[in-house]
Every structure is written in structure tokens, then in C-alpha cells.
Amino acid sequence: MNVFELNSITAGYGGVPVIRDLSLKIAGGEFISMIGPNGAGKSTLLKIMSGDIIPGAGSVHFNGRPLREYRPRALARMLSVVHQAIETRAAYTVREFIRMGRFPHQGSLVVEADSDREVIEWAAETTGVGHLLDRRLTELSGGELQLVRIAHALSQNSRVILLDEPVSHLDIQHTVMIMDILWKLNRDGATVMAVLHDINLASDYSGRIIGMKEGGIFFNGEPGEVLRYDLVESLFGTACIVMDNPTTGRPFVYPVPGYIK
Amino acid sequence: MKTPYKIIIVFTVALVLLLVSLSLGTRIINPVDMTDIILGGAGSADYTILVKLRLPRALLAMVIGASLAVSGTVFQSVLKNPLADPYLIGVSGGAALGATAGIVLNAGQYAVAAAAFAGSIAAISAVYLLSKRMSLGSSALILSGMALGFILSAAVLLVYALSRSDQIHRAMLWLMGDLSGARYDMLGGLGGLTLLLALTVAAFHKHLDVISLGATFSKNLGVTEGNIRTVFWIASLLAAISVSLAGVIGFVGLIVPHLMRNIFGPRHLRLIPAAAAGGALFLLASDTIGRSLAPPFEIPVGIITSFLGGAFFLVYMIRREAGR
């Protein structure tokens, strides 16, 4: 069954459409990356899928039911979102922050039940932040914070995860750590959809790449099909060369310095 | 330090402070004699001062301090602004206009309190509806609260300009915060209501944790706008009740939550009780200082809290600059 089904949706901010007549199906267990130039509508599409933006036209179905029919807590139990940045970095401890992912699962008087503790510890272990549980968010490095945010998302639910630029601004060690975590979760059955700015990470890790341009889907397919130099060049307006990555066998895109179309 | 020790310390400080507060004033009563005075029964001047004046006043100070601090804690989290306080959204401006109008019209104590409460609720509703039209963003709320605050204080000054001087003095004393109207009947009903509201908002401690991390974050965890509305209105009611009983007492709702967050951390399960205790102690101490600094004159408690609050703010800003 399709986890997401979007039918000719149009959406935007203050009457200006950012997404125009877009349709998309996502099956359970897929690993999808979304790439495209700034302002193409990638984040907006993710917000439509997480229910943060209600499209002006068209329909969004999640697990076969219209998204807006879900009660907020019920949806929160089935869908985790990692946004670009949290708005405030308060002095919560890592454990307290990961525990907030249990919020939609808990009764109002429960602080941390045994079942919660198991999930929190599993999430911390999966993301390798077990040693940070007693530290405060304000004390973490950018890479550590991003791992903790993914642990928070996992303690909320580990079946369907949407991520907006989860590895931007991180060093390559944390980038690979996070992409590996997502890859393993996907191998264990999770549906993962991530907005990425790095075409080559998208190529190495995902089963399907969606290229977005001007509020619509420009291409949509396996990395080997869509990462052709002519398609990437017209998606981003640059000149580039595509070769194979010797470690993964997936396409690797090199932009050519000095050539902007 | 472990939490149980912190609780023991808070209770000890509270007890000592209460005794000091009951003892100080124009007439100093030795705490050792207090049991004798109380057992001696009504009739002595000391009994009247202790049981009929100082005790209800100390209790009122604690109730008001606690509810202002709890209200401030909630507003800081809902507005995601560590410098927010209940007065920022028009609670005090509306109450001031209502109370001033009541005093100028020669209304009695309860009518003034009722007018202040009505003004407060009207102002909050206006701010709420205005910001809702701008989709309830926290900056829209703060900005419309500030704008309305200017209009309301202009209206208060207009009432002053048009009234006689003896009434203006009474109204100004109200504006500076005044706990001298404390009586047991008022404490019973409103103290109970305040406790109920504080306990209700404390039951939302997990919601507040999530809300304090941002609108999208809390929405993705299933917190609804209805939840946010609920805590917003409970906090508003707490502040409105406090202001209508004791006038505009500034800074309690700002510095106490701030300090408690630094000491006890941001989790509301601990923060709300800590703020309640801290607010109660802070206002009791401020009122005791105001009563005993220059007897027989009483310095209105709002002046003391504003002095202390302003000083705290400067120290805080200097420390923050130095910490960079």
C-alpha cells in the first residue's frame, strides 16, 4: 500500500502558489531523496506531507486515509518530522528531549513508563548518542544535536520519517553517520524521505530521487535513470559531468567550475 | 544538589521569611511571643496586628506572587520568549484602566477589583483576537499586546487628567501594587481558585515542554491549538485575578520564572512548582521590605519589585554580555 498519495495538489503562502498541480505516490519502505534548486518547493512539499501546510487544492492521503482526517496525536504516533532547525535550543537534557518524542504515546500523568524507557534507549543506541543522555542540548555540537534530533524522531515513531536537510552544515563524519542511520532504518522497513542538497549523497543512499523545479516534479526515478548530465544541468542551470562513484557504483555528479547556464 | 534538598531549603526559607514578615513593621513583634499572642485571643493590639493584618497580608502576598510567577512561566514558554511576562499581553493595562475608572467613580474595594478584572479580561481578549487574525504567532501577540498597552495607559492618563486629585492619589497607589486590602474571605475563595488554576496548568507540564520548543515542533508531536489556547487562558486568568486583587506588581512574572529556569532547568514538571514557591517568597520578601524599610510609611510593594526587578535585569544583561 502507498504510504503517501498526493493528487494534483497546489499550495503556497499568502495566495502565491509554491507547488503547482503536483502528484506523487510513495510506497512503504522506500528511501526517497528530494533535490532541486533553492525555492523549488521541496520544504513546502515536505510540510504538506507532515500536515503543517494544508494545500489549497488537491488531496493528500496517508496510509490510505485523507491526512486531515487524522487526529493530531494519532498522526504524530505514525509520522516523524525532522525540520531544518529547532526554533529554540533550550537547556533540556538529551534524555528529556528524546523523551518528548513519546509525548503522543503517553497518558497525561505518565512521565516515563518502562515501555518509554526501552524506546528512548533504543533510539539513543541506534543513533549513537547513549553517552550524551545526561548532557544539555545547549552543550552539544551541531553534529551531536542533529543526531539527538534524529533520536527524538525515532522515539516518536520509526516507520515513516520525513527530514528537511538533515545533513546540511555538518562535517563529513556526522553526515555519513546520519545517512548510515537512515539507510539502516530503511533496510529495517522504515519509509524515509529526505530533502538533500548534496546530489551525491542522494545518489549513494536513496532508491528514488525526485528532482523539483519551480513547484513541480522535474524528474522522478532511480539514481541511475535520473542523474544524467543533461537532466541535472537543466535542473540546476549548471554544467556538470556524471561519472560512477567507485565505492557505491552509483552516479557521481561533478559540477564544472565557471559554467553557469 | 538533589531535588529533595532543594525542597527542604525552600520550605525552611519560606518559614523563616514568614516569621520575619509577621514580626517586622511599624510595631516589631518578637517571633518568640507570637504563640502567646495568638493563644491570648482577640482583644490585644498585637493580636489584631498579627492575626488580622499581617497574616492575611503575608498569605495574600504569597498567593499573588505564586500566581504571577506561574503565569509568567507559562507565557515565557508559550511565547517562546524568555523576556515575556503576563503584563506584556495587556493584563495590567486593561486592569489599570478598569480600576482607575472604578476608583474615580468612588466605587468600593470589591467593585474596583471587579472593574480591574473585567478590564483585564477585555484587554487579553482583544490581544488574543487581534493576534489570532495574524495566526497566533508569538511576535504578533507580543506586538499587539504592547500596542494595546500604550493605548490603555494613555486612557488611564486621560482619566487622571479629568479627575480630582485625592482620587488620583488612591488610583496611583493601586497602580503601584497594594497588598493592604488583604482579608481572609477574599483569600479563601480566590486562593482556592488560584490553586485550582495553577494545578490545572501544572497538569499540562508535558505540553508546555513541547510547546516551548516551537510551533512546528509541538504540532508535529500532536499538540493542538486548543491545547495552546487552554494554557494561554489559564495563565491569563491567573494574572488577571492577581492584578485585580493587588494592583500592578511588576517583574515577579518575569524574573522569578527566569531564575527558577536557571536553577531547576526548563522542565515544567519542576519549573511550575519552583516558580510558584519562588514567586511566593519573592513577593513576601518584597512586601516585608516595603513595610519595614521606613516605618510608619509603607512603600508600595510594586515599587520594591520594580527596583529589584530592574536591578536584576541590568545584572542579567551585563552577565550575558560578559559571557559572550
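Colleague: What makes you say how far apart in sequence the contacting residues of chain A are?

Modeller: The model is predicted, and the contacts are taken from its atoms. Two residues are in contact if their C-beta atoms lie within 7 Å. Among such contacts in chain A between residues at least 6 apart in sequence, 64% join residues at least 24 apart.

Colleague: What share of chain A is called buried?

Modeller: A residue is buried if 20 or more other C-beta atoms lie within 10 Å of its own. By that test, 41% of the 261 residues of chain A count as buried.

Colleague: Why are strand 2 and strand 5 of chain A said to stand at the edges?

Modeller: The open sheet has 4 strands in the order 2-1-4-5, with antiparallel pairing. Strand 2 (16-27) and strand 5 (65-66) each have a single partner strand, so one side of each has no neighbour in the sheet.

Colleague: Turning to chain B, how do you know that the length of helix 6 agrees with its number of residues?

Modeller: At 1.5 Å a residue, the 24 residues of helix 6 (residues 138-161) of chain B should span 34 Å; the end C-alpha atoms are 35 Å apart, so the span agrees. The buried residues of this helix include B:Leu141, B:Gly149 and B:Val156.

Colleague: Which residues touch the most other members of the largest nonpolar core?

Modeller: B:Val70, B:Val201, B:Ala240 and B:Leu283 do, in a core of 166 residues. Helix 3 (residues 45-78) of chain B gives the largest share of this core, 14 residues. B:Ala240 touches B:Phe117 and B:Ile121, among others.

Colleague: How many residues of chain B are in contact with chain A?

Modeller: 19 residues of chain B are in contact with 21 residues of chain A. Helix 10 of chain B gives the most to that side of chain B, with 4 residues. The residues of that side divide into 7 nonpolar, 7 polar and 5 charged.

Note on methods
Residues are numbered from 1 along each chain as its sequence is written. Chains are lettered from A and ligands numbered from 1 in the order in which they are written. This is a predicted model: local features need pLDDT of at least 70, side-chain atom pairs count only at pLDDT 80 or more; totals for chains, interfaces and linings use all residues. A residue is buried if 20 or more other C-beta atoms lie within 10 Å of its own, exposed if 12 or fewer, and partly exposed in between; C-beta atoms are placed from the backbone. A nonpolar core is a set of buried Ala, Val, Leu, Ile, Met, Phe, Trp, Tyr and Cys residues joined through C-beta atoms within 7 Å. Helices (H or I, at least four residues) and strands (E, at least two) are DSSP runs, numbered from the N terminus. The expected span of a helix is 1.5 Å times one less than its number of residues. Two strands pair if DSSP finds at least two bridges between them. Ala, Val, Leu, Ile, Met, Phe, Trp, Tyr, Cys and Pro count as nonpolar, Asp, Glu, Lys and Arg as charged, and the others, Gly among them, as polar. Lists of a residue's contacts leave out its neighbours within four places in sequence.
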